[in-house]
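Hi,

Here is the structure I promised to pass on. Have a look first, and then read my notes below.

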Amino acid sequence: MLRAGSTVACSACRNLLPSRVGLRFRMPLQKLHPLSCAIHHCFSPSTNPQRPPHCSAARRFTSLSRLPIRPAKARRGGHGRQQQRNFWAARLAARLLKLRYILLGSAVGGGYTAKKTYDEWKDMLPDLSEYTWIVPDFVWELSENFDLDKLTSALPEMEEIAKILPDMEKIGENFTFLKSLLSSGMSSEVFGASGLRLLLETASEASLKAPEIHSATAAVPESGDKQFKKSSDKEKVDQLQEELLRTQMKYQRMLERLEKENKELRKVVLQKDDKGIHQRKVKKSLIDMYSEVLDILSDYDSNYNTQDHLPRVVVVGDQSAGKTSVLEMIAQARIFPRGSGEMMTRSPVKVTLSEGPHHVAMFKDSTREFDLGKEEDLAALRHEIELRMRKSVKEGQTVSAETISLNVKGPGIQRMVLVDLPGVISTVTTGMATDTKDTIFSISRAYMQNPNAIILCIQDGSVDAERSIVTDLVSQMDPHGRRTIFVLTKVDLAEKNLASPNRIQQIVEGKLFPMKALGYFAVVTGKGSSSESIESIKDYEEDFFQNSRLLRDGMLKAHQVTTKNLSLAVSDCFWKMVRESVEQQADAFKASRFNLETEWKNNYPRLRELDRNELFEKAKNEILDEVISLSQVTPKHWESILQKKLWERVSTHVIENIYLPAAQTMNSGTFNTTVDIKLKQWTDKQLPHKALEVAWETLQEEFARFMAEYKGKDQDDIFDKLKEAVKDESIKRHKWNESAMDSLRVIQHNALEDRSITDKPQWDSAIEFMEETLQSRLKDTESVIADMVGPNWKQRWMSWTNRTPEQHVRNETKNELERLLKLHDDHTAYLANDEVTTVRKNLEARGVEVDPVLIKDTWHQLYRRHFLQKSLFHCNLCRRGFYYYQRHFVDSELECNDVVLFWRIQRMLSITANTLRQQLTNTEVRRLEKNVKEVLEDFGEDSEKKVQLITGRRVQLAEDLKKVREIQEKLEAFIEALHKEK
């Protein structure tokens with residue numbers, strides 16, 4: 001501390017620094033003196049203009065120090081005395097004014113010193129403006145988003161808090177009394193008092209220790225000589241316990257009210273964050289990121305033994321043990337279908353619980369949100385879950401291993417992932433598949449064998465423990481109980497029905513079942529009515545445990561009861577397991593990815609890694625390009641194909657049923673009449689149908705030809721199976737427009753009725769058409785006859801072949817019938833019975849036994865050949881018959897009505913082909929293209945179909961690579977977010 005010396009600059013400064021004043025001041029004397037001179041020296045007549053050097057050890061002073069008043073110098077003469085007597089008031093006023101200046105100077109100096117010190121400290125502090133990003137934006141905007149005055153008003157007043165606090169004086173008296181009990185030497189009393197002392201020291205654990213106090217104090221033995229004293233002591237202990245229970249109830253109500261308010265506040269915060277009040281994208285929650293990884297893993301089938309060992313909570317239990325009810329209490333909504341004693345959970349249901357502003361549920365593959373606060377949405381959700389379960393179960397089965405993924409969000413819900421499995425059964429009943437029991441066991445084992453899965457074992461407390469099946473199964477999968485949590489349900493019924501409630505204590509202490517567990521819980525999930533709400537079930541559960549003697553007698557601990565405590569414990573265990581195992585799983589998938597990439601580089605170095613969906617899109621584009629090519633087929637090509645195919649389809653009918661019968665007539669009038677009748681019948685019944693069949697088959701063949709001949713630069717044989725399936729399904733779905741049949745019939749009928757050949761080229765075209773047809777038929781007939789009679793002598797000698805006995809008989813029959821035709825060149829198409837008998841007897845005379853049926857069959861082919869040969873000869877004669885045709889064959893022996901018939905057939909074929917071509921190009925090709933698109937869309941939505949049609953190691957390898965990369969990336973993002981949350 002600096003102190004002022006004995007020498008100062010002036011009298012004013014000397015007055016400011018008395019030698020006996022040593023108060024602290026921030027400004028040194030060197031800086032004070034100029035300020036003092038500026039304030040005081042202008043009013044002092046004895047001011048020394050020269051400033052002496054300052055003392056380095058100046059003494060600090062304060063303006064509040066009392067200044068000493070120097071005695072005034074005595075003046076000579078009476079006038080001076082009178083003046084001194086008259087102006088003493090003026091001198092006093094001057095002194096007071098001097099004090100005012102001193103105060104003003106001290107204030108200015110002190111303010112200047114404080115400002116300079118503040119500036120020095122401010123310069124010493126680091127610049128934190130660059131680190132403002134560390135603090136989230138919402139911290140700076142809390143004052144804008146929250147009404148702090150409203151929050152302050154919502155807090156309880158001190159008087160209210162004082163009311164709920166225990167009477168410490170009364171408790172102190174009771175504690176003094178219990179303290180006196182400690183000196184009595186009874187172990188039970190000592191135990192009770194020590195338990196009470198612990199309770200008083202930790203008021204937050206009052207709910208856990210109260211039952212122990214009662215249990216301990218209730219065990220105080222009674223002695224005969226101190227009966228009255230012990231009774232009074234026991235009454236005081238009971239009074240103290242009742243006081244503690246009342247205090248506990250007050251605290252409990254207070255906590256519930258605060259939790260409710262906190263829940264509402266969190267809901268408001270989440271709602272504001274969900275609306276984007278900071279104008280930024282809301283990141284996915286930690287549990288949602290983890291759930292996405294599990295969803296991908298559920299569809300992942302690896303050949304590298306990279307098993308899914310990520311943690312999840314597996315809920316197992318006997319059928320109707322209350323698994324679903326426990327899960328609903330944790331999710332805070334009645335979301336699952338319920339039944340009375342029947343199996344309702346038919347497939348695993350993965351439920352991802354997370355916190356959100358609204359209590360909603362959503363399926364993984366759907367965008368619809370179910371509002372869990374509305375009963376109609378709850379009913380719709382339960383119905384949808386039931387439908388998905390039944391849809392996943394294959395025909396002939398009762399349960400399915402297909403997982404249904406459901407997300408549930410709401411304020412105050414603990415974050416975790418649970419899987420509800422079908423209940424374990426002991427007997428297969430009527431209506432179930434015979435392998436239902438084994439299937440349920442295999443599904444349960446598949447989920448529980450995960451070394452990081454948390455097993456939530458549900459046991460029905462209302463039935464005998466010896467009837468439990470699931471406990472043996474759990475003990476096999478987790479013999480040491482390191483990841484098992486045991487839950488005893490329906491404790492209210494167990495307390496009512498069991499003669500010895502100690503069995504409940506043995507169960508929750510792990511002494512009754514051979515299985516071991518991390519923790520044991522007892523819960524109540526309602527009164528058994530499906531119409532109960534979650535809130536009513538919670539109230540019923542709390543009321544039961546508050547009044548239950550199981551808790552009052554110390555058989556159950558307070559932290560072991562209620563589904564709320566259960567959900568907190570399960571959530572803590574789940575996240576602990578996640579933090580311990582997730583990085584190890586990420587490393588395993590990293591190694592699997594390396595193996596897959598190495599295999600791809602070695603086997604497919606020049607191909608891109610296209611998974612099944614990408615390959616399907618590529619094949620889809622190729623197929624659509626091929627369908628579009630149908631519209632580029634020229635009309636001439638369509639008509640040529642249609643006309644050729646239609647004649648191939650109807651030529652046999654025209655020759656056998658129209659031309660041959662008409663040619664048997666005796667004159668041209670009968671021939672034309674027969675032809676007209678036959679053509680009319682044919683047009684009305686068969687011809688339009690045949691034409692549409694030909695058109696439809698032509699469209700199919702052209703479509704198949706384009707798909708087979710498409711050669712692009714990226715053509716891949718891996719698409720062949722898919723293209724064939726698309727072609728078959730599209731053709732199967734395509735239905736020809738039958739409304740065009742009536743108009744086609746009219747067109748064909750009009751074309752066949754026209755007999756007028758207008759010019760010689762048309763006549764020559766009809767002659768060529770008739771000649772080609774007859775020659776083709778003659779060639780076919782010669783081939784049939786050759787097969788019937790076997791090789792001739794030249795073939796027998798050249799090829800060393802012989803006739804069979806049947807061929808020998810047919811050859812002899814042919815020779816006999818040919819002699820008959822030579823004798824009767826104008827023979828009819830059919831043999832008479834006597835002619836058949838004559839031929840048979842002639843053959844028998846040569847030692848050939850023949851059947852009449854064989855004779856008629858051979859005659860049919862021989863007569864056909866004979867008729868076709870005569871028709872060809874007549875066709876050649878009619879080449880010059882157009883002139884006679886124009887004169888209607890008057891005065892002419894040549895009649896060419898058969899040429900006119902073939903011209904009518906040819907013209908009908910041409911007109912029909914043109915009509916069908918128009919329908920194909922204008923309607924059917926577009927409809928087929930539409931069908932192909934629909935088939936491709938259906939196949940694209942059917943994942944099983946794509947797996948069947950796009951197969952191979954290359955496809956599977958690309959699929960595994962894509963999924964492993966996706967899993968690894970999501971796991972790394974989850975791990976990063978998990979570390980940030982820590």
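Contact here means heavy atoms within 4.5 Å. It's a predicted model, where local features need pLDDT of at least 70 and side-chain atom pairs count only at pLDDT 80 or more, while totals for chains, interfaces and linings use all residues. Residues are numbered from 1 along each chain as its sequence is written, and side-chain values use heavy atoms, with hydrogens and water left out.

With that contact cut-off, Leu286 touches Arg415, Trp575, Phe974, Ala977, Leu978 and Glu981, if you skip residues up to four places away in sequence. Leu286 belongs to helix 13 (residues 286–298); helices (H or I, at least four residues) and strands (E, at least two) are DSSP runs, numbered from the N terminus. Leu286 and Ala973 are 687 residues apart in sequence, yet their C-alpha atoms are 9.6 Å apart in space. Leu286 counts as buried because its relative accessibility is 8%. Buried means under 20% relative accessible area, exposed over 50%, and partly exposed in between (1.4 Å probe, protein chains only).

For the overall picture, the protein has 37 helices and nine strands, and 42% of its 982 residues count as buried. Among contacts with a separation of 6 or more, 80% come from residues 24 or more positions apart.

Now the aromatics. Rings of Phe, Tyr and Trp (its six-membered ring) pair if their centres lie within 6.5 Å; planes under 30 degrees apart count as stacked, over 60 as edge-to-face and the rest as tilted. There are 16 aromatic pairs in the structure. One of them, Phe574 with Trp575, is edge-to-face, at 5.2 Å centre to centre and 75 degrees between the planes. Phe574 and Trp575 are both buried, and Trp575 is also among the residues that Leu286 touches. Elsewhere, Trp647, Tyr659, Phe769, Phe867 and Phe902 make up one aromatic cluster.

Two rings have a charge sitting over them (NZ of Lys or CZ of Arg within 6 Å of the ring centre and within 35 degrees of the ring normal). The charged end of Arg388 is over the ring of Phe363, 4.0 Å from its centre, and that of Lys946 is over Phe616, 5.6 Å from the ring centre.

Arg904, in helix 35 (residues 897–941), counts as buried because its relative accessibility is 4%. Setting aside neighbours within four places in sequence, Arg904 contacts Val675, Asp676, Leu679, Ala751, Leu752, Glu753, Asp754 and Arg755.

What about helix 14 (residues 323–331)? Nine of its nine residues are buried, so helix 14 is largely enclosed by the rest of the structure. Those buried residues include Lys323 and Glu328. Just after helix 14, Gln332 has a positive phi of about 65 degrees.

- Ser320 has a positive phi near 65 degrees without being a glycine. Ser320 lies in the loop between strand 1 (313–317) and helix 14, and is partly exposed, with a relative accessible area of 43%.
- Thr562 is not a glycine either, and its phi is positive at about 75 degrees. Thr562 sits in the loop between helix 21 (549–552) and helix 22 (563–603), and is buried at a relative accessible area of 15%.

Happy to talk any of this through.

Cheers
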